[in-house]
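Grab a pencil and open the viewer. Below are a few exercises, each with a solution you can follow step by step.

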Amino acid sequence: MVNLKSKSGPTKVMPRAKLSKMDATSKWSVVVVTGFTLLILAVLIAFVVYKSVPALHEVGFFKFIFGKVWEPGKNGTGSYGLLRIIASTLMLLLIALCFSIPLTIFSSLFITEYLSLKVKKFVVTFIQLLAGIPSVVFGLFALDQIGPIFVKMGAPTSGNMMTASFTLAFMALPTMITLSINAIESVSDGYRLASLGLGMTKEVTTTRVVLVSAMPKIITAIITGIARIIGETMAVILIAGNSTQGLETNNGFLGFIFSSIRTLAGTIGLEMLENNGRTHESALYAIGLILFFLVIIINLLIIAVGNINNRKYRKLKKQKVRRIIKRDKDAIYEPYKLKVLVQTYTEKRTRKKVHSAITKFFMISSTAIIVAFTSWIILTVIVKGIAGFDPSAFREIEGQRAGIFATMLTTILLVIATIIFAIPLALIVALYLAEYAHKDGKFAKVVRFAINVLASTPSIVFGVFGLSLFVVAFKIPMSVFAASLTMTIVILPSLITTFEDAITSVPSSYREAAYGMGLNKTSVIFKVVLPNAMQGILTGTILAVARIVGESAPVYLTLGTSVRMPTEGFFSSGATMTTQIYMMAAEGSDPKTLGVAYQLAFVTILFVLGLNWFSSYIAKKLDPTKKKLTFKNYWITKYNKVFKHDYKNDFVIIGKHFRAMGRKIKNTFNIRRMRIHLKNSKTRKQIIKNIITEARENGRIEKSKRK
C-alpha cells in the first residue's frame, strides 16, 4: 500500500498495482533459479569443508598450516605440512606483482591519456590477444623460451620461481590493465582541465591528479590480479619446478630466486588423480579450502578498499584546504607581484621537462614491453606451429589412439554441452539482478558477492569439486557430460556479469514506452529488453566459448587425458586441445613432442582468436548506431584504404616528426642555451624568494596594525 498525504484531508491510501499471473510466475521462477546459484556456492563450500575435515582432524590445523614437510604416505602415514608451499606461493606472488604492478599503472595511463583512438584500439587489441591465450600455451612458451634465458643467467633448470613469476605477471596483466583503463577513464575531465589550467604539465596531471583519483579502483584491479596469480595451476605445474623443499636459502641470491618451488594450486593439480588414500585426498581438499577462503578475503578486500580510500581522500581533501587557508593568512601579496610569482613558477621549465621525460619513458617502455611480449609469444607459436606442421598428427599422435582432430571434436562437444547448461542459468540470474532486484536489497548483495567469489575461485577448486561430486558421488563417468557440468560453474559468473551489463545498457525509455503501450513486465523483457540486449549477450557467449576452449585444470580432472575419438557422444572421455598440450609439454623437451605441442597450440590460438574476432564482428553487426555497408561497398572501402591511401603524405609527416625530434635533441645539448637556462633559473629563484619574503613581511605588518 502507498500513503499519500494531502493538505486538506486525511492520508489517502492507494492500492499497489497487482502483478498478473504471468508476471508473478516469471518473477518467482527467476528468484528460484537465482537462489539455485547461491545453492551451488553453498554446496561447493560445504562439500570442500566436509572432505577437508578428516585431514584437519588427523593432522591438526596448526600442524597442517605451519608444518614444514609435505611428504604424503599411504594409509594415513606421511607428513602434511604446508608452510614451505605457502611461503613459495607468497614469494611467487610478490615477484609477479613486482613485474605486473608498474607495467599495469604506466601502460594504463599511457593508453588512456596519450594515445589517439586508433592507436589505443590497436594496443588494446594486443592486450585482448594476450588475454585470449590459454594458460597451458603460456606454460609451453615459458618452458621453451623464457626458461632457457634464466638458465643462461644461472638457473639450474628451466622450471624455477623466476620463470613462473615472470610468466604469471603477464598472464595477470590483461585483467589488471583492462580494469585500470576503466578506472582511469571514469575520472572526470574537470580534474584534468583544472590541473592543466593551474600550469601543471600533462605528465604531472596524469600522475598526481588522474592516477590519485583512480587509485582505489586500480587497487581493486591489482587485487583481482592477485586472485588470478594465486589460482593458476597448469602453467605453474609446467614451469615452477614442483619441488616441495621450498625456497632455497643456502646458495645466495641467485639460488633463492631460481628455487624449484610448488604452489598451493599446483599441489592439488599434481596429486589429486594419484593420491595415496583418504588422508592424502582430504589434505588436498583442505588446500582447496585454504584457496577458497583466500578468494573470499580478496573479495572482502575489494569491497573494503573502495570505501576506505574514499573516506581517506575526503579527509585529506579537507585537511589540505585547511592548511592552504592557514598559509594564505600568513602572507599578503600585491596583485601585480602575485601575477609575477605565478608566471615565474610557470616558467620553471627544466625540472618539468626532466619529470615529463622520465614519466613518458616509463609509460612508453611499459606499453612497448607488453606489445613486444604479446608479439613474441604469438609469433613463436605461429612460426613453430607451421615449421613443425605434420598433417599425420591430425589423424594420430604418436603413442595415442587418435590425433589432433579427435581433440578438436572433444573440445567442440564440451563447448556445446556447457553452453546448453550455462546460458539459461546465467540469463535468468542476470534478469533478476537487472530487472527485479533492488540495488540495496540484501538478497541482491548476497547474490553479487556469491558471483564475485565464484568468479575469483581458482579453476582447480572447481575441478576438484566436479571430480568428487559428479564423478565420484553421482557415479557419472569421466566424460564430456561431467566436464560440462563442472565448466558450467566455471563460466557462470562471467556470463552473468556480461549478460547483466548487456541488459542494463538498454535505455530505460524503451521500457517506459513499452509499459505505456500496455505491455506487462514479462512481455517487456521478452519483446523489448532481450532483443535490444542481444548484441552484448552474443558477445558474452562467444567469449565464454573461448574461455571453455582455453580452460584445462577442471577438464583435466573430469574428462581425462587420453586422446581418443568421442564415439560415445557426450559420455565420451578424452583429451581436449589444451589438456593434450599440457600432457605433451609435461612429457619433456623431445623436439618431436614439442613440435606436435606447438602445432596443437597454433590450432588452439587460431580457434580462440577467431572466436574473439567473431565476437567483435557480431558486436559491430548488431550495433544500431553503426552504418551498415553492403558486401560490395565494404570491399571497395577496404581496397581504397590499402591501394588509394596517400602513403607519400605519411612519410612527409614521419619526416617532420623526426626533424622536430632532432631539433629538440640538438637544443638539449646546446651549451650556450644551457648557460642561459641556468642564469634564468637563478634569476627566477631570486624573484620568487624576494616576493615571498616581502609578502610575509606585509602580512606581519598588517597583523601588528590590527592589534
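Before starting, one definition: helices here are DSSP runs of at least four residues, numbered from the N terminus. Also keep in mind that this is a predicted model.

**Exercise 1. Find out which helix gives the most to the nonpolar patch.**

Solution. 
- Step 1: list the members. The nonpolar patch on the surface is formed by Tyr639, Val642, Phe643, Tyr647, Phe651, Ile654, Phe658 and Met661, and together they have about 890 Å² of accessible area.
- Step 2: pick the top contributor. Helix 26 gives the most, with 5 residues.
- Step 3: check one member. Val642 sits in helix 25, and its relative accessibility is 44%, so Val642 counts as partly exposed.

**Exercise 2. Work out which helices each supply at least two residues of the positive patch.**

Solution. 
- Step 1: collect the charges. Lys118, Lys121, Lys620, Lys638 and Lys641 gather on the surface as a patch of positive charge.
- Step 2: Helix 4 (117-132) and helix 25 (631-643) each supply at least two residues.
- Step 3: zoom in on one of them. Lys121 has its place in helix 4. Its relative accessible area is 55%, and exposed means over 50%, so Lys121 is exposed.

**Exercise 3. Decide for two ring pairs: stacked or edge-to-face?**

Solution. 
- Step 1: get the overall picture. Searching the whole structure turns up 24 aromatic pairs.
- Step 2: take Trp70 and Tyr80. Their ring centres are 5.5 Å apart and their planes meet at 85°, so this pair is edge-to-face.
- Step 3: Trp70 belongs to strand 3 (residues 70-72) and Tyr80 to strand 4 (residues 78-80), so the pair ties together parts 10 residues apart in sequence. Trp70 and Tyr80 are both buried.
- Step 4: move to Phe170 and Phe373. With 3.9 Å centre to centre and 15° between the planes, this pair is stacked.
- Step 5: Phe170 is in helix 6 (residues 161-185) and Phe373 is in helix 14 (residues 349-387), so the pair links distant parts of the chain, 203 residues apart. Phe170 and Phe373 are both buried.
- Step 6: widen the view. Ring pairs link Phe170 and Phe373 into a cluster with Phe99, Phe141, Phe150, Phe166, Phe258 and Trp376.

**Exercise 4. Asp144 forms a salt bridge: name its partner, and say how many residues apart in sequence the linked parts are.**

Solution. 
- Step 1: recall the idea. Side chains of opposite charge can pair when their charged atoms come close.
- Step 2: find the partner. Asp144 bridges to Lys384, and the closest N and O atoms are 2.7 Å apart.
- Step 3: locate both ends. Asp144 lies in helix 5 (residues 135-152) and Lys384 in helix 14, so parts 240 residues apart in sequence are tied together.
- Step 4: check the surroundings. Lys384 is partly exposed, at 31% relative accessible area.

Terms used:
Residues are numbered from 1 along each chain as its sequence is written. This is a predicted model: local features need pLDDT of at least 70, side-chain atom pairs count only at pLDDT 80 or more; totals for chains, interfaces and linings use all residues. Side-chain values use heavy atoms; hydrogens and water are left out. Patches are made of residues with over 30% relative accessible area and no salt bridge: like charges are joined within 9 Å, nonpolar side chains (Val, Leu, Ile, Met, Phe, Trp, Tyr) within 5 Å. Accessible areas come from the Shrake-Rupley method with a 1.4 Å probe; for residues, only the protein chains shown count as cover. A salt bridge is a side-chain nitrogen of Lys or Arg within 4 Å of a carboxyl oxygen of Asp or Glu. Lys and Arg count as positive and Asp and Glu as negative; His and the chain ends are not counted. The place of a charge is taken as NZ of Lys, CZ of Arg, CG of Asp or CD of Glu. Buried means under 20% relative accessible area, exposed over 50%, partly exposed in between (1.4 Å probe, protein chains only). Rings of Phe, Tyr and Trp (its six-membered ring) pair if their centres lie within 6.5 Å; planes under 30 degrees apart count as stacked, over 60 as edge-to-face and the rest as tilted.
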